[in-house]
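Colleague: I want to learn how to read strands, cores and surface patches. Can you take me through them one at a time?

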Amino acid sequence: MFRTYLIAAIPALSPFASPSVYATQDKQDIERIATTSSRFAVNDDIKALSITSVNQELLEQIGATHIEKALQSVAGANIQHGNGQEYLPALRSPVFTGSGACGSILTLEDGIALRAAGFCNVNELFEAHSEMAQRIEVLKGPGSVLYGSNAVHGVINVISQDPTLGSGYSAIDVGSYGYKRAKLQAGKDAGSYGIGANISMTRDSGYREDESVEQEKMTLRHRYDGQSWSVQNGIAYSNLNQDTAGYIEGFESYKDPELAKQNLNPDAFRDNRALRAWSKLNWHYSNATDIAMTAYARDQEMTFLKHFLPGTPIEQNAQHGAGINALVQHQLTPLWRLQLGLDSEFTQGSMTQYQENPTQGSAFLQATIPQGKHYDYTVNASQLAPFIALQYRQASWQVDLGARYEHIRYDYETHLQAGRTKEDGSECAMGGCRYARPPSAKTEFTDLSPKFALSYQFNENLVTYANVAKGYRAPQTSELYQLQRAQQVADLESETLDSIELGVKGAYSDLRFTLSGYVMEKDNVIYRNSDFFNVSQGQSKHRGLELELDYRLSDTLSLQTAIANALHTYEHEQLLGEQNIQGNIMDTAPRLITNTRLNWRASDSVLLSLQWRSMSKYFTDAENQHEYEGHDLLSVRGQWQVSPQLLATLRIENITDEAYAERADYTSFSGDRYFPGRRRTALFTLRYEWD
């Protein structure tokens, strides 16, 4: 069978996997396969990349109620939790905001992008079934050669548990502030084929006033293994109904326990439904050639209140599409390996923004933000991208070369009159309406992304590497077609990022580590200037050091730490008021983030863990005039293996009851504002497994 051949042909144990994999297991029992770096499960022990894998054991120990908690052990990642399932992402970067925030980090589930290029949503990871993930792989730095547009600062790939292997369990979580979650896995393994399902349901009545989360997720899987080929089919569905609590305002208002629970936007909500279906073929064509092909389809709809904008309009967006990813891997000689691939996709997206009630506020806002529709358009998008990768490996040396050519086309049609008018075509007072609609048009983007990597293995325990790569992202449709003020057309270019990374990986008897340093320069950064025009004239620079370390102190004690020290700066000239921000530290970019866990195996059945997470202060505005002081949080977790089938886990987060902000920023119209973090919370889990 194909599974048997794959295990026999490709060594599963690599001494250079990420430290976070090793949380509490013995080294001989750890699966160290990573697929995100090549789309094949290969033994990349000296591959020149920085990839962190958060395994299933650690995920279950954490019991993450939000994806942010699952990624805390990844050096360089900084996912700032907003409210409910919302968040803002960072990966070797400041925390991104704005319409293109999601376009700088590509998010996948089982290797398939959650959203089409050009139609991302900053919260899209809530569609992945991370609650029941086998592992989460994070590829840091540009990944555009393999994945194309949006893989600029990195790739986050949620790999779901495979119930077709016959495993099964049920689990229930009960926590503070009305948090409840149930999980069920059931499957059948009949040798050459298998079927199964993962199901989870979450209810959270919330820490703050008038907030709540109701979410359901389901993954269905089918597998068939032939002699030289394997087929997997899957359906993933998620549904979210959320009552959202927005920012609280006022300097350090998060420190006031009463203000921290306030909800200034009690009408805010987010409803999202997402369905993905896919089929994957892996064919061992010959001893030298393997073929992988994935066909998939997406159907997604979301409605939410833009509580963060004047007038609080409602947005409805949707996308429906399908794609095919094809990859051929051929061993040319014992030293040379070739990959040839082609990705293609077609998507129809739509967006409507409308205001149900008259705008409240100043006379200017009431005059320029009319009741009714602001935008109503559809975009037919196509993507075609061939790519090539060549690997040379001899003795201790490995060289990787790659390039990708990508063409993206948007066929945009507005269903309202073009220009900055009201829905009925009449003019707004005080200079015109806030929102502007460009005329229907066709727009194309073409990008080329090269990569060169070199690694050297000193011995079986130590590898060093260098990596030079380019990432890119085509402008998002929201940046092109949701304009403001006098702008009628957004003449934007693709954002590009040039990266140089040096690293060393070590794996000794009791110590495993990855140390990496990078410098990245980003051009054509898209932002909204002082005239409210979307322009691609920005530049930024990113440099940092990252350390991920796992040290076994004794037979019962182990220590894991992830440290990221980074500096992110604006490099373009831009006046904000009377200040030029060139050279300023980018807002929401902490210099130092650390996450450390001390694990004690008290007995064969009891594991205790203490976690310390520290975030340094950061500026909350581009002018560097306002800042958040940072925070330190302590959490404890305990697991008791009651019986071979029953596992009990207790977690207490923020045990010192620290007042802190999940996110802090500053705007000229509201001043300091925050998403307050939850005070001390507890989460208890019972998990029962069956064969």
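Modeller: Start with strand 13 and strand 37 (residues 671-676). They pair in the antiparallel sense over two bridges. Bear in mind that this is a predicted model.

Colleague: Which residue of strand 37 is the bridge partner of I248?

Modeller: Y674 is the bridge partner of I248.

Colleague: What is the strand order in the open sheet of three strands?

Modeller: The order is 13-37-36, and the pairing is antiparallel. Strand 13 (248-249) and strand 36 (661-667) are the edge strands. Each of these two pairs on one side only.

Colleague: What should I know about side chains along a strand?

Modeller: In a regular strand, side chains alternate between the two faces of the sheet. Now take strand 8 (residues 168-175). Eight bridges join strand 8 to strand 38, and the two run antiparallel. Opposite I172 stands L686 of strand 38.

Colleague: How many bridges join strand 8 to strand 9?

Modeller: Seven, and this pair is antiparallel as well. Strand 9 spans residues 179-189. Its R181 stands opposite D173.

Colleague: Which residue takes a positive phi in the hairpin of strand 8 and strand 9?

Modeller: Y177 does, with phi near 60°. The hairpin has three residues between the strands.

Colleague: On to cores. What is the general idea?

Modeller: Nonpolar side chains tend to be buried together in soluble globular proteins. Here, the largest nonpolar core has 30 residues. Those with the most contacts inside this core are I67, L71, L125, I136, V138 and I156. Several elements supply at least two residues each, among them helix 2 (56-62), strand 6 (133-140) and strand 7 (154-160).

Colleague: What is V138 in contact with, leaving aside its neighbours within four places in sequence?

Modeller: V138 is then in contact with S50, I51, T52, L71, V74, L91, V155 and I156. There is also a second, separate core of 22 residues. A116, F445, L483 and L492 are included in that second core.

Colleague: Last, the surface. Which residues make the nonpolar surface patch of about 620 Å²?

Modeller: L184, I199, M218, L220, I235, L275, Y688 and W690 make this patch. Strand 11 (212-225) and strand 38 (681-690) are the elements that give two or more residues to the patch.

Colleague: Why is Y688 called partly exposed?

Modeller: Y688 lies in strand 38. Its relative accessible area is 40%. Partly exposed covers the range between under 20% for buried and over 50% for exposed, so Y688 is partly exposed.

Note on methods:
Residues are numbered from 1 along each chain as its sequence is written. This is a predicted model: local features need pLDDT of at least 70, side-chain atom pairs count only at pLDDT 80 or more; totals for chains, interfaces and linings use all residues. Side-chain values use heavy atoms; hydrogens and water are left out. Patches are made of residues with over 30% relative accessible area and no salt bridge: like charges are joined within 9 Å, nonpolar side chains (Val, Leu, Ile, Met, Phe, Trp, Tyr) within 5 Å. Accessible areas come from the Shrake-Rupley method with a 1.4 Å probe; for residues, only the protein chains shown count as cover. A salt bridge is a side-chain nitrogen of Lys or Arg within 4 Å of a carboxyl oxygen of Asp or Glu. Helices (H or I, at least four residues) and strands (E, at least two) are DSSP runs, numbered from the N terminus. Buried means under 20% relative accessible area, exposed over 50%, partly exposed in between (1.4 Å probe, protein chains only). Two strands pair if DSSP finds at least two bridges between them. A nonpolar core is a set of buried Ala, Val, Leu, Ile, Met, Phe, Trp, Tyr and Cys residues joined through side-chain atoms within 4.5 Å. Contact means heavy atoms within 4.5 Å.
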